[in-house]
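Here are a few notes on helix packing, jotted down while going through the model. Have a look at the structure first, then see whether you read it the way I do.

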Amino acid sequence: MDEVQNNRECQQAGRGGNSCKIKEICEINIMKIIFRTYKFSWIAIVIMCIVFIVNLILSRDYNLLWILLSGGGDIVDSLGVSYTTVCENFQLYRLFTYGYTQTAIWHLLANVLGLWYIGLYLEKKMGIIRFMFVYHVGLVIAGVAILGFYPDRFSCGASPAIFAYLGMLFNWLMRKRDLWKEYKAQKGFSFFLYYFVLSNFLGIHTLLFHLFGFCTGFLLGFIIKRKEEKQQMVSETAT
């Protein structure tokens, strides 16, 4: 509906012969469509970038070049997840905040692009509420699970949530193979192939972290329906 309205307004401006007005109206309407459709993706990405920048500003006692390339800092220490902070100090909020805390610049870029590209497809298909739900459930379950295997490790990053989305998408593609062509045509498909493979070569800890997120999303895929599927069920019930 938003895309149709955008086209109508652009056409109306075109009849008036004002090219500048056409461009302005179209650009404004396109931004409105993006923010309405991909709200949580944008919000999460902005939060990640703010946390990363604030971490650099507040970590003056650290080597900033080292933080940029390998991670660390005061904010990371305050928001990351570990066995001591969660199970002994009962700082349960960390099971959510670690997903918005990226340690190094390459970590931030990879997860920002990953969330952006997966959001282009899934947030539109699921709606913002379900999209947010999967993100945070993936974080919590993967975060709790990794503490049992690596109690001495300190973990950060949005990748468990992104892998939860990939697990749910894999569930949908497995049960309805027609979606494969649809997703393959989306922006970022090639990026996700590299993301899925290369990110799991960072060590067993990272591989398990991603696996827990992926399995969580895969199981949620049996519960959470696509918008089209849900509308079809409603219409069948009504008839």
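1. Is the crossing in which α9 passes α10 left-handed or right-handed? It is right-handed. Bear in mind that this is a predicted model. The axes of α9 (residues 128–149) and α10 (residues 159–175) come within 8 Å and cross at roughly 115°.

2. As for who touches whom, α9 brings Phe 131, Val 134, Tyr 135, Gly 138, Leu 139 and Ala 142 to this contact, and α10 answers with Pro 160, Ala 161, Ala 164, Tyr 165 and Met 168. By class, the contact of α9 with α10 has ten nonpolar residues, one polar and no charged ones.

3. α9 also packs on α13 (residues 204–220), with the axes 8 Å apart and an angle of about 135°. The two helices are therefore oblique to each other. The crossing of α9 and α13 is right-handed.

4. On the α9 side, the residues meeting α13 include Phe 133, Val 137, Ile 141, Ala 145 and Phe 149. Among their partners in α13 are Leu 208, Phe 209, Phe 212 and Leu 220. The contact of α9 with α13 divides into twelve nonpolar, five polar and no charged residues.

5. Now for α12 (residues 189–198), where Phe 189, Phe 192 and Tyr 195 are buried. These three cover an arc of only 115° around the axis, which puts them on the same side of α12. Tyr 194 and Leu 198, on the other side of α12, are exposed.

6. What covers that buried side? The cover over the buried residues of α12 includes α8 (105–126), α10 and α11 (178–184).

Terms used. Residues are numbered from 1 along each chain as its sequence is written. This is a predicted model: local features need pLDDT of at least 70, side-chain atom pairs count only at pLDDT 80 or more; totals for chains, interfaces and linings use all residues. Side-chain values use heavy atoms; hydrogens and water are left out. Axes are lines fitted to C-alpha atoms, for helices over the stretch in contact, and angles run from 0 to 180 degrees between N-to-C directions. Helices (H or I, at least four residues) and strands (E, at least two) are DSSP runs, numbered from the N terminus. A crossing is left-handed if the near helix is turned anticlockwise from the far one by less than a right angle, and right-handed if clockwise. Contact means heavy atoms within 4.5 Å. Ala, Val, Leu, Ile, Met, Phe, Trp, Tyr, Cys and Pro count as nonpolar, Asp, Glu, Lys and Arg as charged, and the others, Gly among them, as polar. Buried means under 20% relative accessible area, exposed over 50%, partly exposed in between (1.4 Å probe, protein chains only). The arc is that of the directions from the helix axis to the C-beta atoms. Angles under 35 degrees count as roughly parallel, over 145 as roughly antiparallel, 65 to 115 as roughly perpendicular and the rest as oblique.
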